[in-house]
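Subject: Handing over the two-chain model

Hi there,

Here is the structure I promised to send over. Please have a look at it first, and then read on for what I found.

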Amino acid sequence: MTAAPASSSSAHLSSPDGKTAMTHTPLRIGLIGAGGISNSHLPHLLTLGADVYVYSEAGAPELVARYGGTVVDTIDELLAAVDFVDVATPTFTHHSLVKRALEAGKHVISEKPLARTDAEVDELAALADELGLMLFPAHVVRFFPEYVLLKEAVDSGRLGDLAVLRFSRSGAFPTRTPWFADRALSGGIIMDQMIHDIDIARWVAGPVVRVSAVTSQAGDATTPVEAAHVLLTHSSGAISHIAGIWGPSHLPFTTEYSVTGTEGSLAHSSAAERNYIAHLASVDGPSGLLPEVDPAENPYFAELREFTDAFAGGAVPRVSAAEGAEAVRLANAALLSLETGQPVDIDLPSAQASAADLDGK
Amino acid sequence: MHTSDRPLKIAVMSFAHTHARGYIELLRNMPSVSLLTSDPGEHPATELRGRAFAEQLGVEYVDSYDELMAWQPDAVIVTSENARHRADVERAAKAGAHILCEKPLATSHEDGVAMLEAADAAGVILMVAFPVRFASTFARLKAEYDAGQLGQIFSVRGSNNGKLPSERAWFTDPELSGGGALVDHVVHIADLLEALMGTAPVSVTAVTNQKLHAERARAETAGLVTISYDNGVIAAIDCSWSQPDTAATWGGVSVTVAGTAGTVAVDFFGPRARGLDTATGLPIEAPYGPNFDEALLSRFIDAVRTGTQPQPDGGVGLRTLDIVLAAQESARTGRTVAVADIARALVE
């Protein structure tokens, strides 16, 4: 996970199998959406040497003025100008935009969740397969070093047979735009925020056979809060708890995990593991919306580098469309559990049908 | 009733629970307390029990509960196996002694109800040993919550992790313990939540497994529980015996409470000095902080002297037990269980 953000695109994007067509031509990437997360995509795409064209219903000129790139006025214009598309829009728009990009023959990066419903993610994964196009869901937590270490510790057998896993993710309620608060559009905290840890739990502890969830909401329309607890039973017998908080606006963004197996345990707390602690009168507190990251090892950069490397013929990334689809299915099972008030059994044959794809690479 | 011109007579029933040692070590140093202990019955040969245990601690001992009750104690501390709490509490109540019962209150709802009725009928105090309630950090959390500084609480996350108890074999015998990690560790945090919010649990979901300490365990060693409360709050508790035998400390208890005005995280046994052992590289951990048992005993003794029922009482003991029973039922069936059904099942 050493990252050299200044590295040239040609060095990184040259492919080992001789497909050098793009090696000396910048990747042409279309970024759709200019909201919060685009601030964590555009600068890194530019650093990777890509020519980036930005389309958004709103905010594209401001975003481009901040980082660079080229504003385009229509999606058609964007699709005509690029080879790859990065969809960084609200969840409920992912399906139609990703589908449109795939149908135009583009390889696609999609922000998580891959789409809102099971039918939508199934359709997108199948479509990408059918067209022979790459489709990468941006589960960026897989690129955070502390989670990479967890995955490596588990895969190496150092922790033995996993027994009990806890994950927590806590921050401010995203009120800057209204669609997060609409559960029909966003899927709420489980589909938007906790899907990160749902994906990580499945990545490290394997397929999930049962899901249950409880949730609470409080506050008011201007200062809402939301929380949920999700329990997962893995096919191995391991059990996972995932906690999510969208709290008041002053709440810093923090994550935790604690994983125990028969041979050892590994735990991490972002609040505890800090290498720079300042108490300066002149400085604002940390953001409640995004984790603090080390710029020398920026996970968003590492993620986009891995995806764009793959676009250029490089290695298969650590997260597949099938896995993004499975994370959405598990999040939707948790939402179903909220409705029924009972745990939801996951159809194991389907979960294992694509075991190879779901093997986390 | 007790008058303060003579020492308070406190009897300890059984050395089965490892906490008996801690209570005795505190009580034997109190000049206003006269202590008598008894630990009758057959004991595992490998465990220091009975008269030998009392002698090691330097406290008075009698061979039978008949002799213990004939001493006419003002108060009794019940530290027997969980499944024997009912018989011992009923016996103490019948003798007119006030009672401090080790947690969990019992291993069945029926036993718990009978214990409350026995104390009620005898007019004696029944207190349940939830010492974490007496942490100054909990008092601070409670004060900040009561002052509105957390706003409206909407979510809680707690963990009570420890080693698989090894000093006493009965902890892993479900016949005597009532189960595994669920019955051992869910009640502390359930008690804290009731003390904090005063709300009733509605439904419980639990998942468990027996992967850790598989060679010794006869019940679940890992458990995760979610609870929905009638005020809309959701809570999750990790009750696993996930601390390995080789760990530097027994484990700990922590809660993180999220409210509309902010969050508070409490690590009740967290503060410690840390180092490394030169020869092995293993961590040295030296936890410090007040002994919550001391405050618990002090509250109980005050209550005995004044004759007023303290908290945590048998009622919260029973309600937290019901959460455990619902969690066990959920783990068994794979269903979410209504806590009311635990009590209702008894009536039907």
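How many residues of domain 1 of chain A are in contact with domain 2 of chain A? The count is 21 residues of domain 1 of chain A, in contact with 23 residues of domain 2 of chain A; two residues are in contact if their C-beta atoms, placed from the backbone, lie within 7 Å.

Before going further, please keep in mind that this is a predicted model: local features need pLDDT of at least 70, side-chain atom pairs count only at pLDDT 80 or more, and totals for chains, interfaces and linings use all residues. Residues are numbered from 1 along each chain as its sequence is written, while chains are lettered from A and ligands numbered from 1 in the order in which they are written.

**Chain A and its domains**

The secondary structure of chain A comes to twelve helices and 13 strands. Helices (H or I, at least four residues) and strands (E, at least two) are DSSP runs, numbered from the N terminus. Of the 361 residues of chain A, 51% count as buried, where buried means that 20 or more other C-beta atoms lie within 10 Å of the residue's own, exposed that 12 or fewer do, and partly exposed anything in between, with C-beta atoms placed from the backbone. Among the contacts in chain A with a separation of 6 or more, 71% are between residues 24 or more positions apart.

Domain 1 of chain A covers 9-140 and domain 2 covers 142-298 + 320-359; such bounds come from an automatic or database domain assignment. The centres of the two domains of chain A, taken over C-alpha atoms, are separated by 24 Å. On the side of domain 1 of chain A that touches domain 2, the elements giving two or more residues are helix H5 (91-103), helix H6 (118-131) and strand S6 (135-138) of chain A. H6(A) provides the largest share of that side, six residues. By class, that side of domain 1 of chain A has twelve nonpolar, five polar and four charged residues. Here Ala, Val, Leu, Ile, Met, Phe, Trp, Tyr, Cys and Pro count as nonpolar, Asp, Glu, Lys and Arg as charged, and the others, Gly among them, as polar.

H5(A) and H6(A) also pack on each other, at an angle of about 10° and with their axes 10 Å apart. Axes are lines fitted to C-alpha atoms, for helices over the stretch in contact, and angles run from 0 to 180 degrees between N-to-C directions. The two helices, H5(A) and H6(A), are therefore roughly parallel to each other (angles under 35 degrees count as roughly parallel, over 145 as roughly antiparallel, 65 to 115 as roughly perpendicular and the rest as oblique). In this pair, His95(A), Val98(A), Lys99(A) and Leu102(A) of H5(A) meet Glu120(A), Leu124(A), Leu127(A), Ala128(A) and Leu131(A) of H6(A). Their contact divides into six nonpolar, one polar and two charged residues.

**The sheet in chain A**

Seven strands of chain A form an open sheet of mixed pairing, in the order S12-S11-S7-S10-S9-S8-S13; strands pair if DSSP finds at least two bridges between them. Strands S12 (265-269) and S13 (344-345) of chain A are at the edges, each pairing on one side only. Eight antiparallel bridges link S7(A) and strand S11 (residues 254-261) of chain A, and Leu165(A) has Val259(A) as its bridge partner in S11(A). Helix H7 (residues 145-155) of chain A packs on the sheet, touching S7, S11 and S12 of chain A. Helix H11 (residues 321-340) of chain A lies across S8, S9 and S13 of chain A, at about 60° to S8(A).

**Between the chains**

The contact between the chains takes 33 residues from chain A and 29 residues from chain B. S8(A) gives the most to the side of chain A that touches chain B, with seven residues.

**Chain B**

Domain 1 of chain B spans 8-132, and domain 2 spans 136-292 + 322-347. Their C-alpha centres lie 24 Å apart.

S13 (residues 272-276) of chain B has five residues, of which the number buried is zero, so this strand lies largely in the open. S13(B) pairs with strand S14 (residues 283-287) of chain B in the antiparallel sense over five bridges.

Best wishes
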